[in-house]
Amino acid sequence: MLPVYCKGISALIEIPKNCVVAAVGKELIIFRLVAPIEGSLEWDILEVKRLLDHQDNILSLANINDLSFVTGSHVGELIIWDTLDWTMQACEHNFWDPFPQLDTQQEIKLCQKPNDISIHHLTWDEENVFVAVGRGLYVYNLQMKRVIACQKTAHDSRVQHIAKLPNRQLISCSEDGSVRIWELREKQQIAAEPVPTGFFNMWGFGRVNKQASQPVKKQQENATSCLLELIGDLIGHSSSVEMFLYFEDHGLVTCSADHLIILWKNGDRESGLRSLKLFQKLEENGDLYLAA
C-alpha cells in the first residue's frame with residue numbers, strides 16, 4: 001500500500017518503468033513498484049521523485065500516449081510531461097484569456113472566479129488535448145504547443161465531462177443540464193461550409209443554441225487556425241449532467257442529478273436500420289418487387 005503521507009490522492013495513472021504517478025494536492029509523486037524477492041509475496045512501493053511545478057491542486061491527470069501524460073490544475077495550468085524522464089515538455093496557463101482582448105468588464109470579472117479557470121476534465125487524440133476549463137472548452141495542439149481553438153462560454157455553468165468522438169467531434173456536459181456536440185473545423189471550412197441546423201436532429205432531440213454558436217471575436221480568429229462549432233444540443237435533463245458514456249454504434253448514455261439516465265441514438269443511423277428491416281420484412285413476405 002502507499003505510504004500514509006500519500007493519503008488524499010486525487011488521481012493515479014500508470015507510466016513506463018513499472019511506475020505510477022499520483023496527484024496529491026499540487027504535487028505529482030512518482031512511485032516505482034518493486035517486485036517481491038524470492039520467498040516473499042509483498043511488493044515494495046518506493047517514492048522516486050516529486051514534481052512541484054503546479055501552483056495549485058491538481059484536478060486532472062491522464063496518459064496521452066506512451067511518451068507523454070498531462071495534468072490540469074485548479075488555477076487553469078495545463079502541463080505536458082515526459083513519461084520516461086518525468087520532465088516538463090510544455091505548459092499552458094492562460095486558458096481563461098488565451099488571446100489578448102480589449103473588452104469587457106464582464107469577462108474580466110468572470111476570469112477572477114476560480115471555478116471559471118479550473119481544469120475539471122480533459123481528453124485527447126493523436127494531435128490535440130481537449131480541455132474543460134470552467135464553463136469553456138479549449139483545444140491544445142501537442143505539436144504546435146498552443147491553443148488552436150476555444151469556446152470560452154461553451155455552457156452556462158461548469159463543464160463536468162468531455163469526450164472525443166469520431167470525425168473531429170467533441171461532446172461535453174455541464175452543471176447547467178446541457179449536453180452539446182462540437183466539431184473542430186478549419187476556419188476555411190466554416191466560411192465555405194456553414195453547418196445546417198437539420199444536423200441537430202440526428203440525435204433525436206435538438207436545437208441550435210444561437211448564443212453558443214455565434215462566431216468568436218475577430219481577435220481570436222486571427223490567433224487561431226480552428227474553431228469549435230456547435231453542431232448538436234441534446235435536450236432532456238433538468239439538472240446537472242454529471243457524465244456520459246459513448247458507445248459508438250449503440251449511442252450515448254447520459255446521467256444527471258435529476259435521477260434520469262437517458263440513451264441517445266443517432267437518428268440517421270436508426271432511420272437507416274429501420275428502412276433496412278422494413279425491406280427485409282417485405283422481401284420475406286414476398287411483397288417486394290424490384291423494377292426491371
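Modeller: In this predicted model, the side chain of His237 makes a polar contact of 2.7 Å with the side chain of Thr254, and a further polar contact, at 3.1 Å, joins the side chains of His237 and Asp258.

Biologist: Which residues is His237 in contact with, leaving aside its neighbours within four places in sequence?

Modeller: Apart from those neighbours, His237 is in contact with Gly177, Thr254, Cys255, Ser256, Asp258, Leu260 and Ile262; among them, Thr254 and Asp258 are the partners in the polar contacts described above.

Biologist: Turning to aromatic rings, by what is a pair of them described?

Modeller: Such a pair is described by the distance of the centres and the angle of the planes. Searching the whole structure gives one aromatic pair. The ring centres of Phe69 and Trp81 are 6.2 Å apart and their planes lie at 15°, so this pair is stacked.

Biologist: Which strands do Phe69 and Trp81 lie in, and are both residues buried or exposed?

Modeller: Phe69 lies in strand S6 (residues 68-73) and Trp81 in strand S7 (residues 78-82), so the pair ties together parts that are twelve residues apart in sequence. Both Phe69 and Trp81 are buried.

Biologist: What sits over the ring of Trp86?

Modeller: Over the ring of Trp86 sits the charged end of Lys17, at 5.8 Å from the ring centre.

How values were computed: Residues are numbered from 1 along each chain as its sequence is written. This is a predicted model: local features need pLDDT of at least 70, side-chain atom pairs count only at pLDDT 80 or more; totals for chains, interfaces and linings use all residues. Side-chain values use heavy atoms; hydrogens and water are left out. Rings of Phe, Tyr and Trp (its six-membered ring) pair if their centres lie within 6.5 Å; planes under 30 degrees apart count as stacked, over 60 as edge-to-face and the rest as tilted. Helices (H or I, at least four residues) and strands (E, at least two) are DSSP runs, numbered from the N terminus. Buried means under 20% relative accessible area, exposed over 50%, partly exposed in between (1.4 Å probe, protein chains only). A charge sits over a ring if NZ of Lys or CZ of Arg is within 6 Å of the ring centre and within 35 degrees of the ring normal. A polar contact is a pair of N or O atoms within 3.5 Å; within protein, one must be able to donate a hydrogen and the other to accept it, and residues adjacent in sequence count only if both atoms are side-chain atoms. Contact means heavy atoms within 4.5 Å.
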